[in-house]
Amino acid sequence: MKSTLTLLTALLLASGAALHAAEDAKSARNAAWPPAHMKALPADYLERLHRALVALLESDKKPTPEANPVLWVRFGIAGLTLGQQVDRINGYLEADGFKYQPSDKFGFSLFSLPYVRLYALFNDRTGTMKGRLSAKAQANLEKTLWDCAKANSKLAEAKRGVWDMDGSENHHVTSKVSDFLVAQFLKDIPAYADLKYDDGSTLREQYASRLAYWSQWIDSRVRRGQFMEDGGSSYQNYTIEALLNLRDFAGDTVLRRKADMFLDLVFANIAEETLGVQRGGAKTRTKDESFRDRVYDLLFDSPGASFDLSNYQLATSDYYPAPAIVALAKEFKNRGVYSFAKTAPGAVAPGTSDTGSKWRTMDRDNLMVRNGFGTAHYIMGSHGMDTTAKTGPYRAQRWQGLVFANDPMACIGMDGKSGVTKGGYISNPFKTIQDRNVMVTMKWGPVIDKGTDTLLWIYLSSVLDAVEEEGGWIFVRSGGAYAAIRIVEGGYKWSRPWQHSATFSVKEKSYVTPTSADTPIISVASDAADYGNDFAAFKRSLVAQPIGWKGGVLTFATIIHEGPLKPGTVNGEPVNLRPSRVNDSPFIRSDADSGIVYLRKGEETLKLDFRDAQNPVKTVGLPVTPEFPSGMGTAKPIVFGKTD
C-alpha cells in the first residue's frame, strides 16, 4: 500500500511539474522580448523600456498597486507584457468588484488611459498582444468601459467644433480619446453592437463622429498651434499619453498616421525647449519646480536624471520619433544659439462659455506666442499675449523665466501664484516683451483669485551656483551661464534669504516679491563666455546699462514697454502678436494654416504634410531645400558693454 501511495504521489508530482513546466513555457513564449510589434525599435531604447516594465512590476513589493486600482492596472499591463504573474493579474481583473470608476465631471478621466490601454493591448479581437487576458477578465473590461461610455459619452458633444473644450485641455483630450477608442472597440462586438447610449445614440454613430473629430482636431492644431497647457507640469503629460493611445490603437489607418506625425511635432517642440531633461520656454499650468515631460527622458535617454521607471505607455508602444527629432533632443549641447517662436491656443472666444457648463470655445485667432531663446547653457522663455483683445472669462496660470543646463532643478521662475504649489493665483499675470536674451515684464493680471497676493513672485532655485545683489540688481551664476533680475521701482523683499544647496528642497525655496505691483521687471541671461567668464564684468555691464522709466513707459536695451495694455516695441518695431508662422526656429518651420511642417537638425530632415486630410504624408531624409530651416542656431545675443 505504501509503495502504491508513493508511486501515486510521484505520478502526481510529475504531473504537477509537467503542468507547471507547460505554464512556464507558455509564459516564456508570452514574455518574449521585445513583443513582435516593437522589434523594429532601437536596441538601446528597447533595453530602457524593458527596465521600465520590470521596475513597474517590482513596485508590487509595496502595498500601493493593490490599494490603488489605477496603479494596479498599470502593474497589470507590465505583467501581461512580460508574461509574469499572469494568473494573479487576470484574477484581479476577473473579480466581481473590478470596475473603472468614472469621473463625476468627465466620465472617462485622466485615469481611464491605462484601462483603455490594457484592453487595447491584450483583448483577443484586435489586441496587439492577444491571448493574455482571460475570457472573464476581458468581459469585465468590456462591461466597465461600456458602463462608463453609456452614461457619459454624448453624441452632441462628439459633434462639437474642434476649438470647443470640455474643462481643461488635459481632461478634454484624455476623456474624448477614451470616448472614441471605447466606441471603436465595442461597435463590432455582437453583444454590444446594437446597444444604445443613454442619449439614444449608437456605437457606430459615436465612432463615426469621433473619428471625424480627431482627424480635424489634429489638422487644426498643426495649422494654428498645439497646446494651451504647453509645458504644464503633469497636465501635458496626460495629454501626450492620450494622444499616444490614439496613435497606437486607432483602427483607422489615416488617423493613426496623423497621430504619429503629430506626436513627432509634439516631441520636436519639446526638444528645442529642453536642456537634458529640464524643459524651458513659457509654460501654462505649471505648479511645481520641475518641468519634465514623463516620457521625454525615457525616449531620448537624456542626461541629467534617471528616466521614469514606471512607464507603461511607451514601454508597450512601437512609437519612436524620426531621426531629426532624436538628433535635436540628444544633441542639446550642439544646437548653436537660437530664438524660437510658436503660436498656441491661449484665450477663450468671447461669449462662448456655456452657462453652468464646463464647455468653452478656444479662440483660434487670438493666439498666444510662446517666445524663447536658447544656448547650450540656458533657455529663456515668455508668453506674448494680445492684452487688448476681447476674450471670454477664463483662468490661466502662467510661468516664464530661465532654466539652466547644469542642474535639472536650476531655474529662475516668475509667476503669480504667491509662492505656493496649490491654491489661488493671478491669471495671465504678466505682459512680457522679449528680445532674444532680454525680457521686460509688467504685471497684467486681469483676473486675481480671491485671497491671492496681488504681487508677482520671482523664484530662485537653491541649486543655482551663486546669487548676489549689487546696484539694485540680483545676479545669478549657474553652470556656464549668468543671469540678472532688476526690479525697477520700489525695491523688493525676500521670502527667506537665498542659500545654495547641492540638492533641491521645497523648504529651501526662496522668492523675491516687488514692493510695487506695477513695477517693470528686467530679466537678462547670457553665456558666461560672452563676458570672458568674468562674473564681475557681467555685473559691471548691467549696472552701467541705462534704464528709462517715466510715465509708465520702460526703456531698456532694444525694448520699449508701454504698459500691460499696449503692444510695445523691439528695435523700434511694434511687437508682432500675429506672426505668420505657427513654428519659427532653426529647427521647426511651419506657416500658419499651411498644414505643412519642415523639421531639420543638422543634415537630418523631416517633412510632415497634413495638407490632404485623407492622405497625410511623412517623409524622412529629404535633401535640404530652402523650405527647411537651417538646422543650427546662429543668433546673436544682446551683450552689454560690447564695443564691436
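Is Asp584 buried, partly exposed or exposed? At a relative accessibility of 34%, Asp584 counts as partly exposed, where buried stands for under 20% relative accessible area, exposed for over 50% and partly exposed for values in between (1.4 Å probe, protein chains only). The model is predicted, so that local features need pLDDT of at least 70 and side-chain atom pairs count only at pLDDT 80 or more, while totals for chains, interfaces and linings use all residues. Residues are numbered from 1 along each chain as its sequence is written, and side-chain values use heavy atoms, with hydrogens and water left out.

The protein chain contains 16 helices and 32 strands, assigned as DSSP runs (H or I, at least four residues, for helices; E, at least two, for strands) and numbered from the N terminus. Along the principal axes, the C-alpha atoms fill a box of roughly 105 × 60 × 55 Å.

Of the 644 residues, 58% are buried. Contacts (heavy atoms within 4.5 Å) between residues at least 6 apart in sequence join residues at least 24 apart in 69% of cases. The accessible surface, from the Shrake-Rupley method with a 1.4 Å probe, comes to about 24900 Å², and 53% of this area belongs to carbon and sulfur atoms.

The structure holds 43 salt bridges, each defined by a side-chain nitrogen of Lys or Arg within 4 Å of a carboxyl oxygen of Asp or Glu. One of them links Asp593 and Arg224, at 3.1 Å from N to O. Asp593 lies in the loop between β28 (588-591) and β29 (596-601), and Arg224 belongs to helix α11 (residues 203-224), so the pair ties together parts that are 369 residues apart in sequence. Asp593 is partly exposed, with a relative accessible area of 37%, whereas Arg224 is buried, with 10%.

In the salt bridge between Glu273 and Arg279, the closest N and O atoms are 3.0 Å apart. Both Glu273 and Arg279 are buried. Asp584 forms a salt bridge with Arg581 (3.1 Å, N to O), and Arg581 is partly exposed, at 27% relative accessibility. A network of salt bridges with shared partners joins Arg117, Arg247, Asp248, Asp260, Asp264, Asp318 and Lys618.
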